[in-house]
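Let's take a walk through a protein and the ligand that goes with it. Have a look at the model first, and then we'll go through it together.

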Amino acid sequence: MKQPPANRPRPAFPARLPSGPAPQPARKPLAATPAPQAVLPQGLGMDSAAVRAAMVRKLQAQGLAHPMVVAAMLAVERHRFVDSALVNQAYEDTSLPIGLGQTISKPSVVARMIELLLHGRHDKLGRVLEIGTGCGYQAAVLSQVAREVYSIERLKGLHDKARDNLRHFRVPNLHLLFGDGMVGFARGAPYAAIIAAAGGEDIPAAWVDQLAVGGRLVAPAVTAQGRQNLVVVDKTPTGVVRTELEAVHFVPLKSGIA
Ligand code: SAH
């Protein structure tokens, strides 16, 4: 097993931006956040908790209602999943680059998809499969609302990055897998819920096969109109019901590993 780099520094929050020209000119820093006097000691959670609570309040104003999702979004420190140069944008409702051409999903989309997975139920989901671990943020949020989470990533660099990011948290119910999620993960099936963070032409049949009866799948997919929309698939005792929801912008679902 790959050893983590010794004492890899974690971004403190809020981070002090490097002086000189900012590498990301397009994004504004957190509104009304005064420039920090000094880099905060590592692991100091208080400041990030307040900014995260503000983010969650905004999500609630936009419609987030499920108490388990609210609690999970409050609990998971998103700033620990982005590069230190982007820490001050970690609680904006935006996707951010995580390397290898991929992005961490927008908090509102993470919350929306998990709320759809919970489907109005107020007990934890059983086993959940996530396709597209990326930096591991959504996997960490899922681990708060499910008894067990399997998360697959096809890019070794990101699989390793997620492992490093998650080392900080103790998440014994989250299993990170390196592989092609197009084929799902049959060994963990059947799943109470399946969620994909990358969008393909359609929903792979393997995912629907690996969904439990009574289970729900939420994924981006291209619709008949040629747009990428969120798609919900419910597996009922009498068959599969597919519902198309709002337009979304996810990175492409690709086959094979790299
Ligand atoms: N949930 C992630 C979002 C990552 S972006 C987060 O919170 O950061 C989507 C990820 O899906 C990318 O890392 C991409 O490499 C991955 N992906 C795309 N196709 C895949 C496949 N077939 N199997 C597994 N992962 C895949």
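Which element gives the most to the shell around the ligand? That's strand E2, with 3 residues (strands are DSSP runs of at least two residues, helices of at least four, numbered from the N terminus). Before going on, keep in mind that this is a predicted model, where local features need pLDDT of at least 70, side-chain atom pairs count only at pLDDT 80 or more, and totals for chains, interfaces and linings use all residues. Residues are numbered from 1 along each chain as its sequence is written, and side-chain values use heavy atoms, with hydrogens and water left out.

Now zoom in on the ligand. There are 27 residues around it, and Cys135, Glu153, Asp180, Gly181 and Lys254 come nearest (a residue is near if one of its heavy atoms lies within 4 Å). A polar side-chain atom of Asp180 is 2.9 Å from a ligand nitrogen, while a polar backbone atom of Lys254 lies 2.6 Å from a nitrogen atom of the ligand. The protein covers 99% of the 580 Å² of accessible area that the ligand has on its own (by the Shrake-Rupley method with a 1.4 Å probe).

Helix H4 (137–145) also gives two or more residues to the shell. Is this helix enclosed or open? Since 8 of its 9 residues are buried, H4 is largely enclosed by the rest of the structure (buried means under 20% relative accessible area, with a 1.4 Å probe and protein chains only). Among those buried residues are Tyr137, Leu142 and Val145.

Key:
A polar contact is a pair of N or O atoms within 3.5 Å; within protein, one must be able to donate a hydrogen and the other to accept it, and residues adjacent in sequence count only if both atoms are side-chain atoms. Buried means under 20% relative accessible area, exposed over 50%, partly exposed in between (1.4 Å probe, protein chains only).
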